[in-house]
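Please read it with the sequence and the model in view.

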Amino acid sequence: MVKSLENTAKQILDSNYQEKGFTIPCKGLYPFQWKWDSGFIAIGYAHYDTDKAKSEIKTLLDAQWSNGFLPHIIFHNESDTYFPGPEFYQINLNPYATKKYKTTGLTQPPVTGFVLEKMYEIVEDKSDMLDFIKSIIDKVYLNHLYFYQNRDPKNEGLVYIYHNWESGTDNSPIWDEIWDTMDSPNYEFERRDTDHVDASQRPTNIEYNNYLYLVDIAKKCHYDDEKIAESSPFLVQDPLFNAMLIKSNEALINLYKIIGGNEDKIQQLEKWQNKSIKSFNDKLYDEELEAYIHYDMKNEKAIKLITSSSFTPLFAKIPSKQRAEKLINTLVTKFGKSDMYLCASFDPTSEKYNPKKYWRGPVWININWILYYGLHNYVYKELADRLKNDTFELIKKVGFFEYFDARKSEYTKNITGYGGANFSWSAALYIDLIKN
Ligand code: GLC
């Protein structure tokens, strides 16, 4: 059974692989290359097809802008199954934008650094992988430099996102209060996502108006971060995003040490790292909720809601042992009841919890994967095992979907998974988890 699921996972990845050397997240729904998806996908490939793993990262980094920015979607090919496409983004407004590819002007969580370290750990032929890493690691460093120079206007060591699509947790209730402050125009557009997936599992049209309006504001600023920071109503320090940056800083330090030399870069990374971890703990931890939370920089207030992102700092070893204990207690008491699979994407005890809708409740495999390693960092082995087994059970029950209902009772009713089927990162991270 385990073997055949592993084979299915490999078949999914191989069939989502494209001739140009990258892998789409899912047919129809997501027909291009996505930044953080590519990272998770490369980890899956590293277990059985090193060439594809390298190619995944190479194609991503090839679309880097000259200021170090890495876009969240690379439109390698034409497709009319997705909206909004390249014509909406108009990245040529920005002088640093790549001329080689059509891309968006948004980014996604910076996973590439730790993905390279994972790839190095996984493969047998270390020297071959190290040669590859040597050939591209400076691009990842440049991406971190971009973040610290352009997305940290108060020099806190914490970077902001200016769009919910940058967070990776697109439709989280976290953004609701910000939507209330906005008066977005009514766009005329044709949604394509709801051609593929039941609308009850996707964002509403009103939410889509906000998403498009934020891109329009960025376009008015010619994608200049300083101007965006002044004029965008959406400016958030996100714990998941910053935890990925911190984890990737650490990975770059480790990899540069293995490569040798590069002292200046190691020193710079260590400086960023110390400052980021300190600010993260000072600013993004809420003593009352006993969890990490998002901070709304525009309205200068903490967003007091708990999401699965609240626990991802465990992955980057951000909390002290004592704080981790409290955080994990919050995870177990709010998200870990015995009738629930770990880990719902949003606080199941909140009235905003919606078990079917995108990032407003369902379980996502990439977050489970992050939390699994995070719990191991603090030697919570039993809970890590539960997380892994829950992940396996969901996949075994309904297949490699994009997201899953967390309520165990639902599975007696013959339900399927939600969102796209044959979803690449669910397959890739399953392959990594069973090898563990
Ligand atoms: C959805 C997810 C985002 C992911 C993308 C492609 O938009 O919210 O995190 O990168 O799909 O899979």
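Helices, taken as H or I runs of at least four residues, and strands, taken as E runs of at least two, are DSSP runs numbered from the N terminus. With that numbering, Asn 414 is placed in the loop between α16 and α17. The model is predicted.

**Ligand site**

- The ligand is surrounded by 13 residues, and the closest are Asp 37, Gly 168, Asp 170, Tyr 358 and Trp 359.
- Taken alone, the ligand exposes 310 Å², and the protein buries 98% of that.

**Helix α15**

- Helix α15 covers residues 365-377; at 1.5 Å a residue its 13 residues should span 18 Å, and the 19 Å between its end C-alpha atoms agrees with this.
- Of the 13 residues of α15, 11 are buried, so the helix is largely enclosed by the rest of the structure.
- The buried residues of α15 are Ile 365, Asn 366, Ile 367, Asn 368, Trp 369, Ile 370, Leu 371, Tyr 372, Tyr 373, Gly 374 and Leu 375.
- The cover over these buried residues includes α2 (35-46), α5 (112-122), α12 (239-259), α14 (321-335), α16 (381-398) and α17 (424-434).
- Val 379 follows α15 and has a positive phi, near 55°.

**Sheet**

- An open sheet is formed by 3 strands in the order β1-β2-β3, with antiparallel pairing.
- Its edge strands, β1 (33-34) and β3 (102-103), each pair on one side only.
- Strand β2 (residues 73-75) is joined to β3 by 2 bridges, and the two run antiparallel.
- Phe 75 stands opposite Lys 102, which belongs to β3.

- Most residues other than glycine have a negative phi, and most peptide bonds are trans.
- Phe 83 and Pro 84 are joined by a cis peptide bond, with omega about 0°; Pro 84 sits in the loop between β2 and α4 (86-89).
- A second example is the cis peptide bond between Leu 342 and Cys 343, where omega is about -5°; Cys 343 belongs to the loop between α14 and α15.
- Gln 90 is not a glycine, yet its phi is positive, about 50°. This residue is in the loop between α4 and β3.
- Gln 90 has a relative accessible area of 38% and is therefore partly exposed.
- Asn 414, also not a glycine, has a positive phi of about 65°. Its relative accessibility is 73%, so Asn 414 counts as exposed.

**His 196**

- His 196 belongs to helix α9 (residues 193-196).
- With a relative accessibility of 37%, His 196 counts as partly exposed.
- Leaving aside residues up to four places away in sequence, His 196 touches Gly 28, Leu 29 and Thr 81.
- A polar atom of the His 196 side chain lies 3.2 Å from the backbone oxygen of Thr 81.
- His 196 and Gly 419 are 223 residues apart in sequence, while their C-alpha atoms are 8.2 Å apart in space.

**Asn 164**

- Asn 164 is in helix α7 (residues 164-167).
- Asn 164 has a relative accessible area of 0%; because buried means under 20%, this residue is buried.
- Leaving aside residues up to four places away in sequence, Asn 164 touches Asp 170, Trp 175, Trp 179, Tyr 211, Leu 214 and Phe 234.
- Among these contacts of Asn 164 is Asp 170, which is also one of the closest residues to the ligand.

Notes: Residues are numbered from 1 along each chain as its sequence is written. This is a predicted model: local features need pLDDT of at least 70, side-chain atom pairs count only at pLDDT 80 or more; totals for chains, interfaces and linings use all residues. Side-chain values use heavy atoms; hydrogens and water are left out. The expected span of a helix is 1.5 Å times one less than its number of residues. Buried means under 20% relative accessible area, exposed over 50%, partly exposed in between (1.4 Å probe, protein chains only). Contact means heavy atoms within 4.5 Å. A residue is near a molecule or strand if one of its heavy atoms lies within 4 Å of it. Accessible areas come from the Shrake-Rupley method with a 1.4 Å probe; for residues, only the protein chains shown count as cover. Two strands pair if DSSP finds at least two bridges between them. A polar contact is a pair of N or O atoms within 3.5 Å; within protein, one must be able to donate a hydrogen and the other to accept it, and residues adjacent in sequence count only if both atoms are side-chain atoms.
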